[in-house]
2 protein chains.
Amino acid sequence: MSTTPASGDSVVPDPSVRAHVEAHRPALVEELCHWLRIPSVSMDPAHAEDVTRSAEWLAEALTRSGFPTVEVWSTAGHPSVFAEWPSDDPQAPTVLVYGHHDVQPAAREDGWDSEPFEPEIRGERLYGRGAADDKGQVLFHTLGVRAHLAATGRDTPAVHLKVLVEGEEEAGSPNFADLVRERADRLSCDVVVVSDTGMWGPDTPTVCTGMRGLVECQVDLWGPDQDIHSGSFGGAVPNPATEAARLAAGLHGPDRAVAVPGFYEGVVELTEEERRLFARLPFDELSWLESAHSHAALGEEGYSTLERIWARPTAEVNGISGGYQGPGGKTIVPASARLKLSFRTVAGQSAEHVQKAVVQWVAEQLPYGVRHSVTFSGTTRPCLTPLDHPALRSLARSMGRAFEQRVLFTREGGSGPAADLQDVLGAPVLFLGISVPSDGWHAPNEKVELPLLAKGAETAALLWEDLARHWRPGT
Amino acid sequence: MSTTPASGDSVVPDPSVRAHVEAHRPALVEELCHWLRIPSVSMDPAHAEDVTRSAEWLAEALTRSGFPTVEVWSTAGHPSVFAEWPSDDPQAPTVLVYGHHDVQPAAREDGWDSEPFEPEIRGERLYGRGAADDKGQVLFHTLGVRAHLAATGRDTPAVHLKVLVEGEEEAGSPNFADLVRERADRLSCDVVVVSDTGMWGPDTPTVCTGMRGLVECQVDLWGPDQDIHSGSFGGAVPNPATEAARLAAGLHGPDRAVAVPGFYEGVVELTEEERRLFARLPFDELSWLESAHSHAALGEEGYSTLERIWARPTAEVNGISGGYQGPGGKTIVPASARLKLSFRTVAGQSAEHVQKAVVQWVAEQLPYGVRHSVTFSGTTRPCLTPLDHPALRSLARSMGRAFEQRVLFTREGGSGPAADLQDVLGAPVLFLGISVPSDGWHAPNEKVELPLLAKGAETAALLWEDLARHWRPGT
């Protein structure tokens, strides 16, 4: 059995770092509230200007925190923000911090207890769309670098620090890979630190070692050229709502595995060691179900819940619609129906291959007389970081000191553009995230735990020094 | 092989009836346009006052046409209109004409070329919601009775004429059976003439001998208590949209027969003779598909298209919804999903039994963790009229004279409350309908063919005289 990277390391905190973070925590929260008021919903064209405003706001915040270079980078879609703060030590490693400033859609009537874009502090929690995903986790870095400088007495960071915060993550990062390729010289680094993930729980700090990829698509089906009377024609012509249902129902087999032929091609299966490591985590199904707001665990046969969400590829129906939706009934065969599907992929799967498999599968399922289209939106690649990488050991040590306990390891079921950074920049990816499952990402009443926001800043402050001290890349 | 009722009868028109109908046709169309401007959408509570206005308008129109007794009958839902015109011959048969004054929902953006509630005449067609279903077919009776009186020189109709026009047919007639039971003495009759069906085509007059019944329901499914992140939780908890899809997909088996156990219990199967009669009709699949605005015929194996829509019970997905419906994607496991289903039943099936079968089937399909409810709206019973009934022979003769050709026989795939009338009043049901398949019932651009509206009036005028002459019920 492998030893965890942090075993044997000290978990003693740094008093100077902590003091600085605690002193400036109220100011950080106040700044975050300002940012959360900007509804930077990237997937809704009506909010395009808000996403631009969000980028400009962040650029000013980074400038205020001391970054000598701050730039807003336009893309074919929404803008990214880039900042750079070189170390006075030319041999120091270069770190690129990644996050995103766009958010998921949110509306009060979805079930929010307060306005999603009017942040509200209740107790030790800050509620608002983007509080945890991802504005809070981007913004703690502005305090982290200040605490690092204050505690070390340095004028510049101990590492060459770069920051890239994109504006299209919630829309599938359609232009991110291009941006990284075009700006590869400015973004070149030795390690990427992604702050867009969570940890096990408020009392169980963990480091994530991988994320799943994402393939999203919309399937449109057309039957009759208009809604037709179900009494006069029903039962004698194909019904696109029925066919949409057949597709959605056929996504999974009786064992709840994905039934699209070829979907699993290339999947890196879990090793017995990884399964044992996952099993060490204090998983309690009832509290997990509570965080999932769900009433039963159900998924692919032969795998635990954690394995299902972290290490297994999945298919999900995000939306289905067709026919009459109003009050009462309407006896029609509807003209059209639509599915919004997403597939989570794991290391070894190719998004292109999954897309081809889906296209072929859909075409094969439909009867003559039902026309269809399959439209893919941006894809995200999966990634995994080796447990024994020195930079990962630095992160585990720093987080252990901030939390005063040894950290464990997880993966992230969600998806982010980390793999694009890893592939294009040739740098390993670390995940420094302090969000917890109850934060409600993509859901009503999204929040961030304010004490954990401070731990994030503390971890970052410790990490820059630890990386500079223990790691000389390429040597 | 049986002979059709009209074989051997004359198909010579009555010049007086025709002259009167043609002279007053423009006035009938003008009146119909007034009525069509009232959006009497019974299933939408926002239109409740319009349904009442529609009833009042009709009551005035019936009074104008000479009915000495006209009453608006309130119900637990929308009002019905009753009118009565006794014959001076006390031995004459009593006829109850049935129709409905409520309409399906309609909105310009559904694909209408003109405003659905602003009737427009283009050529020989009148476009507007309710033109054929059913306001046009109710209103031709006002001209029919006038033409009957003018041609025969009578002061009162040759039959005791009653009219009942309900206001909730498109909402499943939830209060109709109760109304008929409560008012059975006023409604007592020897035969019911339902004018809410169609005929084969403009050049192929037919008499319908039966209608299918209808059972409608809404299935609501709830999974997580709120939308949750599909990356963090997807693949490990049940998804109500997937389960809704499974239900909808499981409604039919591989042979496209309804797969709900017990659904077919009691079904009166087609006889070989009925199948031969259906096969005599000049059915052209391509033009039928055109009228269905569909691109393929598909249905229960072992039956022709006409058999599927007229004589076989079916299940249809009228609407399906769940999860994200907006632009782009949203990576969630949705909190809920909904199905709107309808089942067409045939003679021998019990609506109550079908409902029980559906309730049990839904409950058995769903995994633990997905809660559900099944809500039924009003049901409609199926009915069939024997081919050799003397009143049906009168109708076939009258229609043959109006169209100057022998009529054939069909059934109607749609549903109406005719069976309630048949059961409660103990009277056989005749179907006098002049709508054609291209009229677009329940669809955008509903219309009625103006020449056929006149044929309807002519048939009614001839029918009252023929019934009085050839039929003495109970003797």
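Visitor: Which residue stands opposite Leu164(A) in S6(A)?

Guide: Start with the general idea: helices (H or I, at least four residues) and strands (E, at least two) are DSSP runs, numbered from the N terminus, and two strands pair if DSSP finds at least two bridges between them. Here, Tyr98(A) is the residue opposite Leu164(A) in S6(A). This is a predicted model, where local features need pLDDT of at least 70, side-chain atom pairs count only at pLDDT 80 or more, and totals for chains, interfaces and linings use all residues. Residues are numbered from 1 along each chain as its sequence is written, while chains are lettered from A and ligands numbered from 1 in the order in which they are written.

Visitor: In which sense does S3 of chain A pair with S6(A), parallel or antiparallel?

Guide: Strand S3 (residues 94-100) runs parallel to S6(A), with 7 bridges. Strand S2 (residues 80-85) of chain A also pairs with S6(A), in the antiparallel sense over 5 bridges.

Visitor: How many residues of strand S6 of chain A are buried?

Guide: A residue is buried if 20 or more other C-beta atoms lie within 10 Å of its own, exposed if 12 or fewer, and partly exposed in between, with C-beta atoms placed from the backbone. By that rule, 7 of the 7 residues of S6 (residues 160-166) are buried. His160(A), Lys162(A), Leu164(A) and Glu166(A) point one way, Leu161(A), Val163(A) and Val165(A) the other, and all are buried. Across chain A, buried residues make up 60% of the 475 residues.

Visitor: How many residues of chain A are in contact with chain B?

Guide: Two residues are in contact if their C-beta atoms, placed from the backbone, lie within 7 Å. On that basis, 82 residues of chain A touch 82 residues of chain B. The largest share of chain A's side, 9 residues, comes from S11(A). That side divides into 34 nonpolar, 35 polar and 13 charged residues (Ala, Val, Leu, Ile, Met, Phe, Trp, Tyr, Cys and Pro count as nonpolar, Asp, Glu, Lys and Arg as charged, and the others, Gly among them, as polar).

Visitor: Which residue of S11(B) is the bridge partner of Ser321(A)?

Guide: The partner is Ser321(B). Strand S11(A) and strand S11 (residues 314-323) of chain B pair in the antiparallel sense over 5 bridges.
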